[in-house]
Structure formats: C-alpha cells, structure tokens
Amino acid sequence: SPPPPTWMPEGSSKPPKRPAMDEAKRSRRDSFGPWGDPSIKYLYYCPQMKELAHSIAAQPTQLTIRPMEVSWAKFPDGFPNLFVEGAEEIRGKHVAFLASFNNPDTIFEQISVIYSLPKMFIASFTLILPFFPTGTAERVEREGEVPTAVTLARMLSHIPMSRGGPTSTIIFDIHALQERFYFGDNITPCFETGIPLLLEEIAALPDKSDVVIAYPDEGAMKRFHTFFEAFDEVVCTKVRQGDKRLVTLKEGEPEGKHVVIVDDLVQSGGTLIECGKVLKARGAKALSAFCTHGVFPNDKHERFTESDMFDNFWITDSCPQTVSRVRGRAPFKVLSLAGRIARALEI
C-alpha cells in the first residue's frame, strides 16, 4: 500500500486535528456566512414604500421579516447621498428590497441601492417591484417608437449577482406576460397577481351570485380570463368612427347584473368610464371596477370620486402616491399586497 501523505503522523490514516479557532476569528467567519437562516429576510425599502414594508413584516408567515433602513439624503448638487444601514449585519444573509418606480425622479437613487446590495456579500437578493411602470410600452408599431419596457428590463437585468446567484424579482400583474423574455439571465422574474384579493371582495358582496366579469378590451380578457372561469364574462372593444375610438360591447350580457370591470392598471380612467356607460346602457344594475395598479396622474382619480357611476373601485397599494389620495374616499377601496408579497418571499 502507498505510504501516508507527509502531512499525516506516521502510522495514522487521519490528519491531525487543527487547533481551535479563537473566538474573534470564529465570530468573523460567522458574520460572513456561509449562509444565513433562510427563514429570516432583511427587507430594505424606498421611502415611498415604508408603510407597505412594515405591513409585510407584520404578516403571519413562516418567515421573520426584518425591516432595514437606508439613508436617502442628497448632496448640494441634488444627486443622491445614500447609506445602507446594517451593511455588515447582512453579510451572508437573505436580503430583499421593496421598490417603487412610479416617479422617474427616484429611479436612479433606488437603482443605486439595488445594484449595491448584492455586492455586500449577501446570501441572496430579491427585488420586489409591485408595479412595472413601463409595461404598456412593450412593443413598436411604427419606426421611431421606443419600447421603454425593454429599457427598464435591461436595467434590472444588470443587477449584480449575489452569492446565491441571479436576483429574484417579484412583479404584480405586469401588462403582458411575454415581457418575461425581456429580462436577461442575471434576473429571474416571478410574476404574481392581485386577483385573489378581488375574488375575496366579490365573495363578500351581497349580490355575489349576480356578478359578471367585464374586460375593457380584448387584451385584458386574454390577460385575466383564466382567473374567472366560474363567472359569466362580458368583453368590450374599441372601434374607430372617423377620428374617434368608441367603446362598444363585443360579447356577453350585462343586463340585470352587477358588472365588475377588470384590468391591470388605470391611468386617466377614460376607457373605464366609457365602458361603464356602455354597460349601464345595456342594463347593468350595478358597476364596480378592479385595477391592480391605480396610477391616476394629475389627480385623475377625481373623475371617480365626483361621480356615482361605480359602486366600488378596488385598487392595490402598488402605487403609493395614489393610496394617500384615495384612501377613505368612495368609491375607492385599497387592497394591500402585503400578505401576497410576504408569501411570495417564502418561495
């Protein structure tokens, strides 16, 4: 038989025991990993998402979610002066960041933090982006148009990898599912939905047996109809009449029904209002609406608070700038994504 290696004591088949690490070195090693407890998530967030972040941390899940702070200051020239609190504490740990890209003015400072966190020797990184704001600019219909959905997907695809590999990204009700393929290999998008929150609201309606689901166009029908196979459905469409595009009923029967219009987002609300007029004219006894993302630029939500056309208008808290303006004002009701985000972090 071959002789034992020179570093083994003669006559022994086992290497000698190494001296015990001193406590300081052991503590230093443990601070870097090798891996943190996967049941503990360290959740950073942008200022606009503070309320939602703490609500996520309070959810009853199998995780312990610890909200963490970032200092969002500015230099005199207006550029961000950022500091990630607890940078040494998160080494070897599982980290997430809750972002809001609703305002283009804050995207740069958030991207700066998002790019920095994976380089802090963390075990894994998850980006929570409830609303992907450029999702409707996902295609080019004539030369010269810029598909900014691709641009934002490329920006996120360059997030550095953490020790655990590519970044996981949680996005709710993205405008088109094919946008998954706009992302590169450094990021893994997980597309979630707020529709279960709507189903809970429908189940609590006194006339739930009379509910039918309506879509303002064929795109919304293709995107969401698989969630509502237990309901009758109504589909509206837009037709050209001269220089105008008019909403008309394509299929389904709203007469005598409580019609709930479903779409992924609402901007000015013009299409929803025109759709509501058509449905009322065709005999709908009540109207409600659900949009995961209530954008409402330039206070367009006022078109609904000043009208009695809709009995209910459900949105989620994916757009924080809207939540503070509509909370407590009929017909709006804000449904929180906190529980669904907390459960998505368990994956």
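**Buried residues in a predicted model**

In helix α2, which spans residues 50–57, the buried residues are Leu52, Ala53 and Ile56, where buried means under 20% relative accessible area, exposed means over 50%, and partly exposed lies in between (1.4 Å probe, protein chains only). Seen down the axis of α2, these buried residues fall within an arc of 100°, so they line one face of the helix; the arc is that of the directions from the helix axis to the C-beta atoms. The elements that cover the buried residues of α2 include β1, β2 (64–67), β5 (94–98) and α10 (338–345). Helices (H or I, at least four residues) and strands (E, at least two) are DSSP runs, numbered from the N terminus, and contact means heavy atoms within 4.5 Å.

The model is predicted, so that local features need pLDDT of at least 70 and side-chain atom pairs count only at pLDDT 80 or more, while totals for chains, interfaces and linings use all residues. Residues are numbered from 1 along each chain as its sequence is written, and side-chain values use heavy atoms, with hydrogens and water left out.

The protein as a whole has ten helices and 15 strands, and 46% of its 347 residues count as buried. Among the contacts with a separation of 6 or more, 67% come from residues 24 or more positions apart.

One of the strands, β1 (residues 40–45), contains Lys41. Lys41 is buried yet has no salt bridge, and the nearest side chain of opposite charge, that of Asp37, is 9.5 Å away. Here a salt bridge is a side-chain nitrogen of Lys or Arg within 4 Å of a carboxyl oxygen of Asp or Glu; Lys and Arg count as positive and Asp and Glu as negative, whereas His and the chain ends are not counted. When neighbours within four places in sequence are left aside, the contacts of Lys41 are Leu63, Thr64, Ile65, Arg66, His94 and Leu345.

Strand β13 (residues 286–294) holds Leu287, which is buried with a relative accessible area of 0%. The C-alpha atoms of Leu287 and His258 are separated by 5.8 Å, although these residues are 29 apart along the chain. With neighbours within four places in sequence again left aside, the residues in contact with Leu287 include His258, Val259, Met309 and Phe310.

As for cysteines, Cys190 is partly exposed, with a relative accessible area of 25%, whereas Cys291 is buried at 1% relative accessibility. Counting as a disulfide any pair of cysteine sulfur atoms within 2.5 Å, the total comes to zero.
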